[in-house]
Amino acid sequence: MDVLAVPQKREEGWYLSLMAPNTKGPKFAWLDPSRLYCNSQALSDCVKDLLKPFQNETIDLVAGIDAMGFILGSAVAITLGKGFLAIRKAGHLCVQTRTQDYSDYSGREKLMEVRVDVLKPGLRVLIVDQWIETGGTMRAAIKLVENQGATVVGIAAVAIENSEGGTWLKENYKYSHCIPNELQSQIDSQYLESFKNFSG
């Protein structure tokens, strides 16, 4: 499918077929969801789907996780008419920060940071990332928000895999993702049937 084309009939999660498989090996995530952001209708539909479970929730601020969560998180924030807070990989912010260590999907130990002059008790935050594999990155972001007294309204990502960490997040926080039930097993096995449409 042409990445910029929009089908006449848009089935649930139609935009997921725009995602591309990993062609660079095991050091990288198993697919590239960001390809769907190139299609304005796909991005819009993805954001609308992510926000459905939160329609009756008060959200004061959207936080996005470095780096791809910045794109989706910003789109969510604009759709809601709310501000956006960047949760960054440590060492990039030039202001006072709070840090949290974590292991990412590849098992590498990393450090994440957030500025200390925004989050406060009573603030209700929706945390957005592009994809949740092991859940380590999202759990670190949650700690950074909650340790400053703010409330995590919920979490949102294109997909949440049913890994141990992903399952824990689903059990403990309100969540949204864009994966129809019939595709969840493909997501969990890290291979989508739609990859057959890609050559090479």
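How many residues has helix H2, and what does H2 reach from its first C-alpha to its last? I find 13 residues (68–80) and 19 Å, close to the 18 Å expected at 1.5 Å a residue. The expected span is 1.5 Å times one less than the number of residues. Helices (H or I, at least four residues) and strands (E, at least two) are DSSP runs, numbered from the N terminus.

I note that this is a predicted model, where local features need pLDDT of at least 70 and side-chain atom pairs count only at pLDDT 80 or more, while totals for chains, interfaces and linings use all residues. Residues are numbered from 1 along each chain as its sequence is written, and side-chain values use heavy atoms, with hydrogens and water left out.

Just after H2, I see Gly-81 with a positive phi of about 75°.

Next I checked Asp-66, in the loop between S3 and H2. Asp-66 is buried, at 14% relative accessible area. Its side chain makes a polar contact with the side chain of Arg-88 at 3.5 Å. A polar contact is a pair of N or O atoms within 3.5 Å; within protein, one must be able to donate a hydrogen and the other to accept it, and residues adjacent in sequence count only if both atoms are side-chain atoms. The backbone nitrogen of Lys-89 lies 2.9 Å from a polar atom of the Asp-66 side chain.

Notes:
Buried means under 20% relative accessible area, exposed over 50%, partly exposed in between (1.4 Å probe, protein chains only).
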